[in-house]
Amino acid sequence: MATIKQVAEVAGVRPATVSYVMNRTGSVSVATRERVLAAAAALNYAPSHLARSLQRKGSRTLGLVLPATPADEPIGAMLSGLADGAAGVGYDLLLASRTHDEAAAYADFHRSGRVEGVVILGVQQEDARVTAARRLGIPYVCAGRPADGSPFVAIDAESGTVEALAHLIVLGHERIGLLTPPLELALAAEQDSGYRAALAEAGIAFDEQLIVEGGLTEGEGYLAATELLTLPEPPTAVLAGSAALAFGTVHAAHDAGMQIGRDLALIVFDDPPSAAHVAPPLTAVRQPTVEVGRELARLLVAVIEGREQPREVLLPTQLIVRQSCGRARPRRSALDSDGAANGGSTS
């Protein structure tokens, strides 16, 4: 097997330069990088991550504990991005079994030396897992925005919610319901903030009855949507804060004799493949889930290696308009103004 010195000789550079290129560290020109990679390919050279791990007394492995409770998030896509991002910087990914005590899993990671840092999923505003990782001295990053200044990668849920509400308001809706995941999640807090900001911007009065905590499952979404749809003055549109909540809303509307897109506008804060294939296809706030995973890996490795860079990464969402919001309808305030201007005539 070729050595790093042989690659350096063929490329006409120092061994340290080969190391910089292979580890994606240091400052190397594009031309030099291409020359080193060509030499490595010609010699069939592959760096030994195990040897580097022994040398720097680290496992070059990132850890992740799968959630013990059902999590309504596109976990597969995020894991794909996380594994891809870890491999791209020479790290492996270790998944721990689902457990109700993630802090204990972190302690085991730390004691055994199997991982150099951990990713914390579904972060809460006040999260005991963050406290445990900090106490153990194990590097970590959060998927979601915590309240304590910890390093994180998150989607811009507040802006995504504002965009979704603006779409509904343009279509003429004023009574808009919001179904959130559990309120302790950072995601739910941002959706709540975006919802209030969008209503305020449009001059629409806030009604606390129109925000309901929906939980994590489709069944919880069904119950929360039913609570909204049985109000004395129910909403004409709903933003469901997750896919499970959206599909629970679809079932609740059906049982109430309502048709999505005709009697009730619906937007889902997520865009699973099934959202485009239900009838009608659901308008969605798409999240860059794979990119979230890649950025989590990149940021965690930077924290592990002590490199200076932004500790907060916020990724934008995208509104995908389909058919679940129906056609534009006149806003009630506009109707009231017309009625007043016409002396209250309804003819």
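Predicted model: local features only at pLDDT ≥ 70, side-chain atom pairs only at ≥ 80, totals over all residues.
Let us begin with Asp270, which is buried, with a relative accessible area of 9%. The residue is found in the loop between strand 9 and strand 10.

The backbone at Asp270 deserves attention. Most residues other than glycine have a negative phi, and most peptide bonds are trans. Asp270, a residue other than glycine, has a positive phi near 160°. The loop between strand 9 and strand 10 (283–286) also holds Pro280. Which residue is joined to Pro280 by a cis peptide bond? The partner is Ala279, and omega at this bond is about -5°.

Let me now step back to the whole protein. Its secondary structure comes to 13 helices and 12 strands. Of its 347 residues, 47% count as buried. The protein exposes about 16,900 Å², and 53% of that area is supplied by carbon and sulfur atoms. If we take the contacts between residues at least 6 apart in sequence, 68% of them join residues at least 24 apart.

Six strands form an open sheet in the order 7-6-8-9-10-12, and their pairing is mixed. Which strands lie at the edges? They are strand 7 and strand 12 (318–320), each of which pairs on one side only. From one strand to the next, the twist averages 20°. As a reminder, strands of a sheet pair through backbone hydrogen bonds, either parallel or antiparallel.

Within this sheet, please look at strand 6 (residues 176–180) and strand 8 (residues 237–240), which pair in the parallel sense over four bridges. Leu179 stands opposite Ala240 in strand 8. Helix 11 (residues 243–255) lies across strand 6, strand 8 and strand 9 (265–268), and runs at about 160° to strand 9.

I turn now to helix 6, residues 102–112. Its buried residues are Glu102, Ala105, Tyr106 and Phe109. Why do they fall on the same side of helix 6? They do so because they cover an arc of only 100° around the axis.

Is Glu102 buried or exposed? Its relative accessible area is 9%, so Glu102 counts as buried. Leaving aside neighbours within four places in sequence, Glu102 is in contact with Val65, Pro67 and Arg129. Just after helix 6 comes Gly113, which takes a positive phi of about 70°.

How many aromatic pairs does a search of the whole structure find? The search finds one. The pair is formed by Tyr195 and Phe206 and is edge-to-face, with 6.3 Å from centre to centre and 75° between the planes. Tyr195 belongs to helix 9 (residues 186–202), while Phe206 is in the loop between helix 9 and strand 7 (211–213), 11 residues apart from its partner.

Phe206, with a relative accessible area of 35%, is partly exposed.

Note on methods:
Residues numbered from 1 in each chain as written. Heavy atoms only, no water. Phe/Tyr/Trp six-rings, centres within 6.5 Å; stacked < 30°, edge-to-face > 60°. Helix = DSSP H or I, 4+ residues; strand = E, 2+ residues; numbered from the N terminus. Buried < 20%, exposed > 50% of the residue type's maximum accessible area, 1.4 Å probe, protein only. Arc of directions from axis to C-beta. Pairing = 2+ DSSP bridges. Axes fitted to C-alpha atoms, helices over the stretch in contact; angles between N-to-C directions. Contact = heavy atoms within 4.5 Å. Areas by Shrake-Rupley, 256 points an atom, 1.4 Å probe, with all protein chains shown as cover.
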